[in-house]
Amino acid sequence: MSSTHHAKTDSEVTSLAPSSPNRPVYYVQSPSRDSHDGEKTTNSFHSTPILSPMGSPCRQSRDSSSTRYSGSLKPGSQKSSNGSRSNSGRHHNHRHRKGDKQQWKEFDAIEEEGLLDDDAYSKGVPRRCYFLAFLVGFFLLFTFFSLILWGASRNQKPVVSMKSISYNEFGVQSGMDFSGVATVMVSMNSTVKLIFRNTGTFFGVHVTSTPLVLSFSQLTVATGTIKKFYQGRKSQRTVTVSLIGNKIPLYGGGVDLMSKEGKPVAPVSLTLDFKVRARAYVLGRLVKPKFYKRVQCNIVMDPKKMNVPISLKKFCTYI
């Protein structure tokens, strides 16, 4: 009877399954035990159909799914799976962090280069270029200022004015030159006075001259020099020069020179020629204009006016 009852129960169960078409079918997904990765675990669940929450298959499926799920979630397996996951996660995170650090370093380097480029563009010209520009500008400005000073000083030329000449001695005698040739010789001593005036308003001048030459028939009979001196701005001085000649041979030029007792008896035409040189140091030795003045005087020595100053204002030309 028991067998009949069990058979009936099975038939009833089988008959009940198709007789309930309106009952919803439920599926329970159970994870696989041999899954070790989290992603595989979520994709490897087993589907088990359940007819009804009240039916025995539902209970069996629940029991089986709970058994499977509990089996898959045992402490040992869970710990091992968690350990493997944590180790793989740590290794993956370590590599990921290392890659991130390298990427951030590269990004920081690129960003720093970009900032440097931005700073270079924002700063514009480097400091050394400013220094070079300052030097060039200073040089140009200094040159321009020096040219202004030079041009202004050139318009303030010194003035030379011949004042007088006096003949202290004029002697004529016969003699021989150093080679033994007989000729007429002249010895004379005279004094020339001139006025030098510096018209410069902001500079002084250093004055020298070529030898003052007193000649007769293009033959030099007396010479003298101006001692070097300094003349301050807007000032003047009188310069006295002695012209001396001792036994100067005249050769053929002495034919026209008439003398008596060693003294000329007629006026003698003479020529005085020299050049005055002045240099100004306006801006140290950087701006130093030079001035030249040539003086030529056609004068006459009168034997009757010895030791008497003779004015030269009307007998001299200035070049």
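View 1. At 46% relative accessibility, Q236 counts as partly exposed, a class that lies between buried (under 20% relative accessible area) and exposed (over 50%), as judged with a 1.4 Å probe on protein chains only. The residue Q236 is found in strand β9, which covers residues 235-249; strands here are DSSP runs of E with at least two residues, helices are DSSP runs of H or I with at least four, and both are numbered from the N terminus. Although Q236 and R197 are 39 residues apart in sequence, their C-alpha atoms are 4.0 Å apart in space. Leaving aside residues up to four places away in sequence, Q236 touches I195, F196, R197 and Q231, where contact means heavy atoms within 4.5 Å. This is a predicted model, in which local features need pLDDT of at least 70 and side-chain atom pairs count only at pLDDT 80 or more, whereas totals for chains, interfaces and linings use all residues. Residues are numbered from 1 along each chain as its sequence is written, and side-chain values use heavy atoms, with hydrogens and water left out.

View 2. Strand β6 (residues 212-216) and strand β7 (residues 219-224) pair in the antiparallel sense over 5 bridges, and two strands are said to pair if DSSP finds at least two bridges between them. One of these bridges can be followed at S215, whose partner in β7 is T220. The two strands β6 and β7 form a hairpin with 2 residues between them, and in the turn S217 has a positive phi of about 50°. In a regular strand the side chains alternate between the two faces of the sheet.

View 3. The structure holds 5 aromatic pairs, counted when the ring centres of Phe, Tyr or Trp (its six-membered ring) lie within 6.5 Å, with planes under 30 degrees apart called stacked, over 60 edge-to-face and the rest tilted. The rings of F134 and F138 have their centres 6.4 Å apart and their planes at 25°, so this pair is stacked. Both F134 and F138 lie in helix α5 (residues 127-154), 4 residues apart, which is about one turn of the helix. With 56% relative accessibility F134 counts as exposed, while F138, with a relative accessible area of 48%, is partly exposed. Ring pairs link F134, F138 and F142 into a cluster. An unreviewed UniProt entry places the feature "transmembrane region" at residues 130-152; such annotations may be inferred rather than shown by experiment, and their positions are given in the numbering used here, with feature names shortened. In the model the span of residues 130-152 is 100% helix and 0% strand, and its end C-alpha atoms lie 32 Å apart.

**View 4. The disulfide of C297 and C316.** The structure holds 1 disulfide, a term used for a pair of cysteine sulfur atoms within 2.5 Å. It is formed by C297 and C316, whose sulfur atoms are 1.8 Å apart, and with 110° about the S-S bond the link of C297 and C316 is right-handed. Because C297 lies in strand β13 (residues 290-301) and C316 in strand β15 (residues 316-318), the pair ties together parts that are 19 residues apart in sequence. C297 counts as buried at 0% relative accessibility, and C316 counts as buried at 11%.
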